[in-house]
Amino acid sequence: MLEESIQELESGSLARIASATSLEDLETVRVQVLGRKGALDQFFKQMGKLAPDERARAGKVLNGAKQTLEAALESAKRQFAEAALRIRLDGEWLDPSIPAPGPRRGHLHPITHIQRELEEVFRSLGFAVLDGPEVETEYRNFDALNIPADHPARDAQDTFWLANGDLLRTHTSPVQVRGMERLGPPLRMIAPGRVFRNESVDASHEHTFYQIEGMMIDRGVSVAHLLYFMRIMLAEVFRREVNVRLRPGFFPFVEPGFELDIQCLLCNGAGCPVCKQSGWVEQLGCGMVHPNVLRMSGIDPEEWSGFAFGLGLTRLVMMRYAIDDIRHLQGGDLRFLEQF
Ligand code: DAH
C-alpha cells in the first residue's frame, strides 16, 4: 500500500519536473515533495509505524524515490541554466579581430593649423620662421618700432606691464627688431606667435590672441613686392584668388603705411552684412619699413628698403570658417573645436 503510494508520488513528481517551464516551477516541486514537511517527509514519518520487514522494503523504495527525484530536479535545473546561458551567448557577440579602442586621436587647433600652413608657404618663398619671447622689453615692443614713450600709438595697444618694466608683447612686431638685429639684411622672415592686450573680452576681442608678422628687407624692395606676397598668402589661406586693395593706414613703424582689404569672399564685392555692404573686408596692416626703424636696428636706409606686415591669425581663422565669436576659438570647449 505504502510502496504504491510512494511510487505514485515519484512518477507524478517526475512528470511535473519534466513539464516544468521555469526554475520557479522546479522550486515549487522541490518544496512540495522534497522539502521539510513535504510529501516524502510525510512518508518517512509513517515508517516508524510499520513492521520491521515491511519497513525495510518501504524504506528502500522511499530512499530510492528521494534519490531519483533529487537527481531529476538537479538535471532539470542544469538544463534551464544551460539554455539561459546559450540565449545569452547568442545575444552577445564577440569579434576578436576588431582593434582595441585605445586612446582617442587628437588634432591640431585651427589656429595652429593655419599657422603651419602659412609657415609652409613662406618657407617655400625663402622666408625664415622666427620665434620671439612673449615677455618683451619696452624697447623692442615700442621704441625700436618708432613708438616713443609719449606717442599716442602706445595707448592704442593697452599693455600688460610687468613690475620690472618689461611687458607682455602687444604684437609680434618686436620679432622684426630681433630679426634685424640678429640676421641683418638681406632678410626675409615671418614670426607667428601669441600676443597680449589689456582689453576686456567680447565677441571680437581677447586679451590673448595670435598674430603673424612678416618682413622682407633687400635692395630695391617696393610696394609691388609687398602686394605680391600678400596675394600669395591670402590665396593660400582662403584657397582661391583674392582681390586686394590698399588704403592709407597709420602705423609708426612703416612709411607709407597701409590697411590691406580683401574683396569680400561671401558676396564677391556686391555688398553683404559681413562686409557691412562695402564689398571689402579689412585684413591686415602693412607698409614700407620706416627708415627710423631700419636705422635703430643697424640697417642703412640709404642702401636697404623693406616691407612689413602683421595680421591676426585668430581673425584669419574666423574669416576662413565664418566663426562669429572669438570666444568659441579660445574658450577651450572641445565640442566646438572637434568640428575642425
Ligand atoms: N603690429 C600691428 C598691430 O598689431 C600690425 C602691423 C601693422 C604690423 C603694420 C606690421 C605692419 O608689420 O607693417 O596692430
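The following exercises, each with a worked solution, concern a predicted model.

Residues are numbered from 1 along each chain as its sequence is written. Local features need pLDDT of at least 70 and side-chain atom pairs count only at pLDDT 80 or more, while totals for chains, interfaces and linings use all residues, and side-chain values use heavy atoms, with hydrogens and water left out.

**Exercise 1.** Determine where Arg105 is found and whether Arg105 is buried or exposed.

*Solution.* Begin with the helices, which are DSSP runs (H or I) of at least four residues, numbered from the N terminus: Arg105 is in the loop between helix 4 (52-91) and helix 5 (110-124). Next, consider the relative accessible area, for which buried means under 20%, exposed over 50% and partly exposed in between (1.4 Å probe, protein chains only). Arg105 has a value of 82%, so Arg105 is exposed.

**Exercise 2.** State which domains the protein chain has and what distance separates their centres.

*Solution.* The domain assignment, whose bounds come from an automatic or database source, gives domain 1 (2-91) and domain 2 (110-337). Taken over C-alpha atoms, the centres of domain 1 and domain 2 are separated by 92 Å.

**Exercise 3.** Describe the largest nonpolar core.

*Solution.* A nonpolar core is a set of buried Ala, Val, Leu, Ile, Met, Phe, Trp, Tyr and Cys residues joined through side-chain atoms within 4.5 Å. The largest has 41 residues, and Met233, Phe307 and Phe309 have the most contacts inside it. Helix 9 (residues 223-238) supplies the largest share of this core, namely seven residues. Apart from this core lies another, of 22 residues, including Phe142 and Leu294.

Key:
Helices (H or I, at least four residues) and strands (E, at least two) are DSSP runs, numbered from the N terminus.
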